[in-house]
Amino acid sequence: MIGKSARRQGRAFLTPTVILLLCFTIFPLLFTLALVFGEAKFDEGGLRIGLVGLRNWTRLVHDARFWNAFSVTIRIVVAAVTLEYLLGLGLALLLDRKIRGRGIFRILFLIPMMLTPIAVGYMWRMIFDVGRGPITGILQRLGLPAVGWLTETRLAIYSIIITDVWQWTPFMFLILFAGLQAIPRDYVEAAKVDGASAWQLFRRVTFPLLAPASIAAVLLRGMEGFKIVDTIYIMTGGGPGRSTESLTLFGYSIGFRAFDLAYGATIAFSLFLAVMVGAIVFVTLSRRFRYVRLE
Amino acid sequence: MRRIAAFGVLALLVVGCAVALAQTRRFEGVTITVFTQPPPYIAKPVLMFAPDWERLTGAKVKLITAPWGELYPKMYSSFALGQALFDIVIAPAAWLPDFAEAGFLAPLDELIGADPYIAWGDILPVYRDRIVSWAGKIYAVPMDGDCHIFYYRKDALENPEYQARFKAKYGYDLPVPPRTWKQVRDIAEFFHGWDWDGDGIINYGVVEPRRYAGQADWCFFSRAVGYVALPDQPGGLFFDPETMVPRINSPGHVKALEDYVDIIKFGVPGMLLMDSGEVRSVFASGLAAMAIDWGDIGVISDVGEESRVRGKVGYAVLPGSTEVWDFAQGKWVTLAEPNQAGYLAFGGWVAAIDRNSRNIAAAYDFISYLSRPENSYISVTTSETGFNPYRASHFEKLAGWIGFGFVNPAAYLGAIRDTIDHPNVQVDLRIPGAARYFEALDAQLALVAAGQKTAKAALDEVAKIWEQITDELGRDKQLKAYRLSLGLPVP
């Protein structure tokens, strides 16, 4: 039984958290929700929100710019997260062995993740610069023509993906490496005694046991990937044209450049829905891999 | 008796000193907040002059900043919510109608009239009478005079050998400075892709911003103005001043946009993603033969520590066109001389006061202090302030410009003055919602520049969106505002 005073104490400890949650999470969410079904107008009386029903959503589904931003975001997330996972897994498997300088490599691999996306954006923008970048210099020395990594509509999105992969592969590596370290050595040794080849060992033991860590890493990185904005803003500003405009950048432009708060909020909410639906689908599909049966 | 007289004199001195002190430190204990973009550009003069003003008045100045993209919403929401978070906003002139029309700003007519230091008559008429006024009242004080001018490398365009080669190739003398956009195109092509300044680095024809949200939209209008702004047809650049129907998709605008895209192939590599800040650095690094910009390239080229073009830059009013779209006749007309109407792109930065500010007198005093002739002269002749000349006295005293590092200030100031004083100078869009109209255009310009849309299709789309914005904001209200901004009678 919990006494009255203990309950009171509990409430007292919880209240600040609840207030903070209400102020910084629930209120903005409700405000955004009101904007999504309304229109925001500033006049002498301050901010007024009038309800307009589904008008913002109708506009959204008919907006070619929204679908372009959606497609750009999906392409970046799928390509970048896949590559990050494969590279992160490869690096984790390499460093799971006893090799010289393992500690130094581990630290080196983590450096990109410690940089701010803005700094990473500037760095890669310089690297990809068609006029003065080092890649252009190398290509010219080899007698090859300069490539507009960021200025050619076709290529710009790949440059963004490469940058994202460079920065966030260490995140995958970190989680997968921890997952590998947690696999009981008995299983591996038993498989070796049974004569399993390296591939069989990976396919039948390591990979299945790594599934929970893999699911968590892909889910977290995927959810973060949907929100990509800073590197794109610095590297291409969403261009050339709209070839690298992500959903977040589109929402920012509408909300804070065109100052259309309601439509900007609708875009933000659509991103929230997309991430939520994506996460639910992914978690549902991955359930079958979570509890593995070692064959 | 002597003792009484001495005491009287002493008392008078004490009272006099007290009165003087009270007058000089008349805002003791007051803190005013100034809101603008982060230093150095625009905020630097605030930081330069605040300490002196604080010493003189006893007040404190608190500078609050936000990135360019967040200035407008933060200013607007602060005004609209009535919180007076900022006593002073230093904002683009184009936003003044939005704020003034909504009743957010304190009228300054009386304060300016009673101010013995501001020398209001010294401010050039176009800034004094048009840029900071709305519906017959003054709502701001100019801090900066903005117009686009044309820059070119004298060592390239004036080189006799290159001139001979140019004539052999194009069949006419290389014009210095070029007077039409057609000439600019030919010169850009001629100087593109070879080392014409002999420094071992490949040079290019032009550098102009083409990045979305990188101030490229003003460059588009700088090109359009010569094609669409006939002297006797006000409003050619934006809307029909009788109906508020957009003129943005006229054949003149389409031609300007085609030029705007065509010149990219003679631009510095990567120009497609450059904003105006990068354009300045690139021009000062010596890579390009020509550029369009506000006064900033002039400053960075001659004064910038890393400039490689000091003393090599020529200045001119914007080129134009002999073929001009006549809105009255609905057809192209051919002029004997190129139509080189100036364009007050952006219109400069102005300082205004929140109507709800509790410190209007102190806020005005600080604005006046920043703008008075001797201080503003220092601002416009100091690097990284982002402020360009806007007072007659700024153009008259060359000593400060030479001290600043300018090699040929008379030519630089001449090009700016010729633009501002041009009888057909076009003022930027100054109506409520200006930022939204420009955003819609900017988004389409980026598509055309990237080859994802044709000029005509993009401008048709812009016209459609502009119509929607006008309807949403109220056509009659917008028409009235537009006519006011053009100085036309309002029915």
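Reader: How much area do chain A and chain B bury between them?
Author: About 2600 Å², with 56% of it on carbon and sulfur atoms. Buried area is the accessible area (1.4 Å probe) that two parts lose on being put together, summed over both. This is a predicted model, where local features need pLDDT of at least 70, side-chain atom pairs count only at pLDDT 80 or more, and totals for chains, interfaces and linings use all residues. Residues are numbered from 1 along each chain as its sequence is written, chains are lettered from A and ligands numbered from 1 in the order in which they are written, and side-chain values use heavy atoms, with hydrogens and water left out.

Reader: How many residues does the contact take from each chain?
Author: 31 residues from chain A and 31 residues from chain B. Contact means heavy atoms within 4.5 Å.

Reader: And how many salt bridges across the interface?
Author: The rule finds 4 between chain A and chain B. A salt bridge is a side-chain nitrogen of Lys or Arg within 4 Å of a carboxyl oxygen of Asp or Glu. One pairs Arg257(A) with Asp442(B), at 3.6 Å from N to O.

Reader: Which elements give two or more residues to chain A's side?
Author: Strand S1 (38–43), strand S2 (46–51), helix H11 (230–235) and helix H12 (247–257) of chain A. Helices (H or I, at least four residues) and strands (E, at least two) are DSSP runs, numbered from the N terminus. The largest share, 4 residues, comes from H12(A).

Reader: Switching to the sheets. What is the strand order in the open sheet of 5 strands?
Author: In chain B the order is S2-S1-S3-S14-S6, with mixed pairing. Two strands pair if DSSP finds at least two bridges between them.

Reader: Why is one side of S2 and of S6 left without a neighbour?
Author: Strand S2 (60–65) and strand S6 (140–142) of chain B stand at the edges and each has a single partner strand, so one side of each has no neighbour in the sheet. S6(B) pairs with strand S14 (residues 349–353) of chain B in the antiparallel sense over 3 bridges. In that region Pro142(B) stands opposite Val350(B) of S14(B).

Reader: What lies across S1, S3 and S14?
Author: Helix H3 (residues 68–80) of chain B, running at about 135° to S3(B). Axes are lines fitted to C-alpha atoms, for helices over the stretch in contact, and angles run from 0 to 180 degrees between N-to-C directions.
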